[in-house]
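Q: I would like to go through this model and ask of each label what it rests on. Please set each value against its cut-off.

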Amino acid sequence: MAQEDSNCKRCYEDPWPPVRGDYQVGSPKCGVAVVTLASPLFPQNAAICGQCKTENLGIEKIVANVISNCNIRFLILCGVESKGHLPGNTILALHRNGIDEQGRIIGSNGAIPFIQNLPLEAIQRFQQQVELIDCIGLEDIVQIEELISRYSRLCEPYPAKPFQVIKRKAASRQIAFGEGDLFFGAGVFMDTAAWLVMEEILAEAMAEG
């Protein structure tokens, strides 16, 4: 995927990815992200690669990190499913069907497939920006890296600004449940370590109480 540095700069904002997690980061200029579901696999040369074991919070983190980088146009699903949670099945359902008015992922077979911390616009952007490559069950590193290489050659940046669901604050501050180092706007902060969201006014009231 040939891109000029000046062109790539508009495709993501530093620091990227914005949401912390148990993943491996490659080049943010790469057009392929990899989710290995319950398998502890770390193929090389992807923009970002990591596991996803839950059909709710784990998927929210994937969506937030992917749509904040316009270079990413393909998401490879591989590795084995997490029994009961079925995050792979749920990611496919989210991309295909979206969510209902209650935030439930339509068509998912997971136990609790709900999106609670992302706006509908973020889900729609995820659906539009990336193509899913369904290789659920594949654990061969060589084959996965071949897929990364193949799809990377097909990528062009998504023609829009990065979709920032959350933004890092310039300085961390203490809120009721840990350090809120991400800011949604309208006085809402997030603890990325625990993926907890709280309004600033509520946090201050609890601290005073």
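A: Contact here means heavy atoms within 4.5 Å. The model is a predicted one.

Q: Which residues put H2 in contact with H3?
A: With contact taken as heavy atoms within 4.5 Å, Ile 59, Ile 62 and Val 63 of H2 meet Pro 87, Thr 90, Ile 91 and Leu 94 of H3. By class, six of these residues are nonpolar, one is polar and none is charged.

Q: What makes H3 and H4 roughly perpendicular?
A: H3 and H4 pack at about 95°, and their axes are 8 Å apart. The range for roughly perpendicular is 65 to 115 degrees, and the angle of about 95° falls in it, so the pair is called roughly perpendicular.

Q: Which residues of H3 and H4 meet, and how do they divide by class?
A: From H3 come Ile 91, Leu 94, His 95, Arg 96 and Asn 97, and from H4 come Ile 123, Phe 126 and Gln 127. Four residues of this contact are nonpolar, three are polar and one is charged. Ile 91 and Leu 94 of H3 also meet H2.

Q: What makes H2 a mostly covered helix?
A: Buried means under 20% relative accessible area, and nine of the 11 residues of H2 are buried. They are Gly 58, Ile 59, Glu 60, Ile 62, Val 63, Ala 64, Asn 65, Val 66 and Ile 67. The elements that cover them include the strands E1, E2, E3 and E4 and the helices H3 and H4.

Q: How do you know that there are zero disulfides?
A: A disulfide is a pair of cysteine sulfur atoms within 2.5 Å, and a search of the whole structure finds zero. For Cys 49, the nearest cysteine sulfur is that of Cys 78, 6.6 Å away. For Cys 135, the nearest is again that of Cys 78, at 7.0 Å.

Q: Are Cys 49 and Cys 135 buried or exposed, and why?
A: Cys 49 has 2% relative accessibility and Cys 135 has a relative accessible area of 17%. The limit for buried is under 20%, so both cysteines count as buried.

Q: Why is Asn 69 called buried, and what does it touch?
A: The relative accessible area of Asn 69 is 0%, against a limit of under 20%, so Asn 69 counts as buried. Asn 69 lies in the loop between H2 and strand E4 (74–77). Leaving aside neighbours within four places in sequence, Asn 69 is in contact with Cys 11, Tyr 12, Trp 16, Pro 28 and Gln 129.

Q: Where are cis peptide bonds found, and what omega values go with them?
A: One joins Asp 14 and Pro 15, with omega about -5°. Another runs from Trp 16 to Pro 17, with omega near 0°. Pro 15 is in the loop between helix H1 (5–9) and strand E1 (23–25), and Pro 17 lies in the loop between H1 and E1 too.

Notes:
Residues are numbered from 1 along each chain as its sequence is written. This is a predicted model: local features need pLDDT of at least 70, side-chain atom pairs count only at pLDDT 80 or more; totals for chains, interfaces and linings use all residues. Side-chain values use heavy atoms; hydrogens and water are left out. Helices (H or I, at least four residues) and strands (E, at least two) are DSSP runs, numbered from the N terminus. Ala, Val, Leu, Ile, Met, Phe, Trp, Tyr, Cys and Pro count as nonpolar, Asp, Glu, Lys and Arg as charged, and the others, Gly among them, as polar. Buried means under 20% relative accessible area, exposed over 50%, partly exposed in between (1.4 Å probe, protein chains only). Axes are lines fitted to C-alpha atoms, for helices over the stretch in contact, and angles run from 0 to 180 degrees between N-to-C directions. Angles under 35 degrees count as roughly parallel, over 145 as roughly antiparallel, 65 to 115 as roughly perpendicular and the rest as oblique.
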